[in-house]
Amino acid sequence: MQQKTKLFLQALKYSIPHLGKCMQKQHLNHYNFADHYYNRIKLKKYHLTKCLQNKPKISELARNIPSRSFSCKDLQPVKQENEKPLPENMDAFEKVRTKLETQPQEEYEIINVEVKHGGFVYYQEGCCLVRSKDEEADNDNYEVLFNLEELKLDQPFIDCIRVAPDEKYVAAKIRTEDSEASTCVIIKLSDQPVMEASFPNVSSFEWVKDEEDEDVLFYTFQRNLRCHDVYRATFGDNKRNERFYTEKDPSYFVFLYLTKDSRFLTINIMNKTTSEVWLIDGLSPWDPPVLIQKRIHGVLYYVEHRDDELYILTNVGEPTEFKLPPWACGFIMDTNSDPKNCPFQLCSPIRPPKYYTYKFAEGKLFEETGHEDPITKTSRVLRLEAKSKDGKLVPMTVFHKTDSEDLQKKPLLIHVYGAYGMDLKMNFRPERRVLVDDGWILAYCHVRGGGELGLQWHADGRLTKKLNGLADLEACIKTLHGQGFSQPSLTTLTAFSAGGVLAGALCNSNPELLRAVTLEAPFLDVLNTMMDTTLPLTLEELEEWGNPSSDEKHKNYIKRYCPYQNIKPQHYPSVHITAYENDERVPLKGIVSYTEKLKEAISEHAKDTGEGYQAPNIILDIQPGGNHVIEDSHKKITAQIKFLYEELGLDSTSVFEDLKKYLKF
């Protein structure tokens, strides 16, 4: 490993682009070119830092700011009239609350993004891409740059915005809720903004400016959920569009990231456990990219730049110089340090929850357990730990109404994910708010396989350790019941996508812990999916689930927990499954097969049990469209809540009245 670290530190100076398909404008002697490049950018030193707590997720690398919400009922943006200005001396906190209370509720539907560049803010208003002067961003005084309706898509929204360095162009990625397909439009900014070009199926994209002050757009192309190609394009009088990199290994994907100081563009080539980064000089984007460190199995790293220094965040090697730049604060720490010393840690070493009121008003971080919702003062958050089967302490985050009494008789909704090293989502959702207001307890179980406690937490819950996540989930639910939070007859579980593996496995192993389960686009047939290499994500997912086609150990282990493989005649909780007709990530075929097999097992158990047995309800709700998970689907939200209330025998009248405050029916 020491040798690997030495190679890693020397990589930028001596590595030359020759891996993959890099097209060069001119032939250079590799070593001379590397020295030339190294001297020209004048990097002072390299910082190799080891990741302890939370490696930056791909989503965290984006610089978009969650902000305005919108309704597409009108073609053009609608400006509020007769709106009373807020008092100048009003506290900032009070301004937020006042605005939230007075703004029409139907506007809180879809989150869009905004980007600040130069003296302008770029964002979506209505069905238009607009910009306004920074100081006028809250005054509805904006310039319309592009009407999304021109693309003739059903309810389009802007997923990402990037502005060219000198603001001659703006690029926006546009999607719809019922599909993962996207279109990137390039708008030329002038007195009369016009769409200069559009590219289909763009994943990530960034702008740089070349030596001749020409804006160059780098973007990745996604085909069948696989992202392997990198392009660069120019516009105006000197139009060109060329592919200059193709990743040959189908188990890897490619995404672009512009360093926070916009000095370098990084081409990140990754799978679940290994990464490789190529560096493009933002001042000379037509030069061949420079390889930082050739991929080494099990080595993940990310690159940032600040003040002529490269910062390399990695999961291996000893730090040669430990230094925390401002941009890294919160996710880089010495692995030998006490987690309590980290200013971003609480009593349990996971990132604290953030309250989102009406989706975009972000509350303050908690400094200790048991704090109330900073806006409404009506709910309470607690940190708990459960001891898993192997003695590992598993953190939980629990929300409940402040004035709730006799919590053992309150309904409980468990959330779980536990895969890919991703944190369990705890962002504000209207349906979660109304459940808490109606007396529900919400519990988030941060089981192994997720990313809350860093890379090792993920490693301890993947491949042949996936059963750890199941043991953690069982321990969390039993601990909650043991500490007086609800009871099995009032306990429900919800999960989406890969979280369906643990949820489905729990239904097989300990169905008596649950009364009802809601699943959305759940991954339930792990074995057959991972043996089908024709599916778009199978090869990319081998590092998470294993390779049952070539590894008998992996195959036998998957058989032990795979929800589909372990269905048996027994009593099950009631299950509501939402699936999407053209979902490419979790094919409908596997969900249908699971549902049919589950119903058959329940029928067989009912026959053996005899008369009087009340069989659970198994509902498969197939939604149209090709997206994977649609968070803002009102139909899905209401169907799931209705299911939970009916299964627990609760009156849902008040909860649906409250939902109307947030959702437009």
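Entry 1. I looked for an aromatic cluster in this predicted model. Tyr-169, Phe-199, Trp-207, Tyr-219, Tyr-231 and Phe-235 form one.

Entry 2. I then asked how many aromatic pairs a search of the whole structure finds. The count is 16. I picked out Phe-199 and Phe-235. Their ring centres are 6.2 Å apart and their planes meet at 40°, so I note this pair as tilted.

Entry 3. Where do Phe-199 and Phe-235 lie in the chain? I found Phe-199 in strand S10, residues 194–200. Phe-235 is in the loop between strand S13 (226–234) and strand S14 (240–246). The two are 36 residues apart, and the pair links distant parts of the chain.

Entry 4. Phe-199 has 11% relative accessibility, so I count Phe-199 as buried. Phe-235 has 6%, so Phe-235 is buried as well.

Entry 5. Next I checked Tyr-245 and Trp-278. They form a tilted aromatic pair, 6.4 Å centre to centre, with 55° between the planes. Tyr-245 lies in strand S14 and Trp-278 in strand S17 (residues 275–281), so this pair ties together parts 33 residues apart in sequence. I note both Tyr-245 and Trp-278 as buried.

Entry 6. Last, I looked for charges over rings. Arg-295 lies over the face of Tyr-252, 4.5 Å from the ring centre. Lys-597 lies over the face of Tyr-564, and here the distance to the ring centre is 4.3 Å.

Note on methods. Residues are numbered from 1 along each chain as its sequence is written. This is a predicted model: local features need pLDDT of at least 70, side-chain atom pairs count only at pLDDT 80 or more; totals for chains, interfaces and linings use all residues. Side-chain values use heavy atoms; hydrogens and water are left out. Rings of Phe, Tyr and Trp (its six-membered ring) pair if their centres lie within 6.5 Å; planes under 30 degrees apart count as stacked, over 60 as edge-to-face and the rest as tilted. Helices (H or I, at least four residues) and strands (E, at least two) are DSSP runs, numbered from the N terminus. Buried means under 20% relative accessible area, exposed over 50%, partly exposed in between (1.4 Å probe, protein chains only). A charge sits over a ring if NZ of Lys or CZ of Arg is within 6 Å of the ring centre and within 35 degrees of the ring normal.
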